[in-house]
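Dear colleague,

My notes on what was found follow directly after it.

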Amino acid sequence: MSKLIKSIFGATVLGIAMIGASQAADFGTAAEAEAMAKKAVAFIKANGPEKSAEEFTNGKQFKDRDLYISYVDFSGKMLAHGFNPKLVGKGLIDLKDPDGKFMVRMAIDVAKTKGHGWTENYKFKNPTTDKLQEKAMYVERTGDAYIGVGIYKN
């Protein structure tokens, strides 16, 4: 292979790798979701549930690309939602994804039985792509509620 062809090939491979890395940077990671959930629980302890719910829903410090907070009590009532404020105050215990998975019940189960951890995958609308995508949520229990931060799978 000539030097010119090797150079062009190398630049092409590097360019493709950089595009992949920039697209990956557009989406939150599992580690970032866990860190945001832990930060939100600490915020609740420091500021109380009402002020925290307001910040999670309407503030900016708990929103990062496709990462946001869901704050739900164990009856399934949405206390705060960083992507869709219209969900706040609604009872969502029976909310299912298109495949019939009870999303809120899964998260409550993780919070009640383990205290923290990941739900199984389900489908939910990604706020950055506006498409229905596979998602898993990291859950942290806080009193009789949970904080959830999900990641979308590509």
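Q133 is buried, with a relative accessible area of 12%; buried means under 20%, exposed over 50% and partly exposed in between, computed with a 1.4 Å probe on protein chains only. The model is predicted, so to speak of local features a pLDDT of at least 70 is needed, side-chain atom pairs count only at pLDDT 80 or more, and totals for chains, interfaces and linings use all residues. Residues are numbered from 1 along each chain as its sequence is written, and side-chain values use heavy atoms, with hydrogens and water left out.

Q133 lies in strand β7. Strands (E, at least two residues) and helices (H or I, at least four) are DSSP runs numbered from the N terminus. Q133 touches Y122, K123, F124, N126, Y152, K153 and N154, leaving aside residues up to four places away in sequence; contact means heavy atoms within 4.5 Å. Q133 and Y152 are 19 residues apart in sequence, while their C-alpha atoms are 6.4 Å apart. The side chain of Q133 also makes a polar contact with the side chain of T129, at 2.9 Å. A polar contact is a pair of N or O atoms within 3.5 Å; within protein, one must be able to donate a hydrogen and the other to accept it, and residues adjacent in sequence count only if both atoms are side-chain atoms.

A second residue of β7 is E140, which counts as buried at 10% relative accessibility. The side chain of E140 makes a polar contact with the side chain of K38 at 2.8 Å. Among the residues that E140 touches, not counting those up to four places away in sequence, are A37, V41, G115, H116 and Y146.

Strand β7 itself covers residues 132–142, and eight of its 11 residues are buried. The pairing of β7 is as follows, where two strands pair if DSSP finds at least two bridges between them:

- β5 (residues 116–118) runs antiparallel to β7 and is joined to it by three bridges; G117 has V139 as its bridge partner.
- β6 (residues 122–125) pairs with β7 in the antiparallel sense over four bridges, with Y122 opposite K135.
- β8 (residues 145–153) pairs with β7 in the antiparallel sense over nine bridges, and K153 is the bridge partner of E134.

Two of these pairs are hairpins. Between β6 and β7 there are six residues, and between β7 and β8 there are two, with G143 in the turn at a positive phi of about 65°.

Helix α4 (residues 103–114) has 12 residues and reaches 17 Å from its first C-alpha to its last, close to the 16 Å expected; the expected span is 1.5 Å times one less than the number of residues. Its buried residues are M103, V104, M106, A107, I108, V110 and A111. They pack against β3 (70–73), β5, β6, β7 and β8. Just after α4, G115 takes a positive phi of about 90°.

Which residues have a positive phi although they are not glycines? R65 has one of about 55°, and D130 has one of about 60°. R65 lies in the loop between β1 (63–64) and β2 (67–68) and counts as partly exposed at 33% relative accessibility. D130 is found in the loop between β6 and β7 and is exposed, with a relative accessible area of 53%.

Regards
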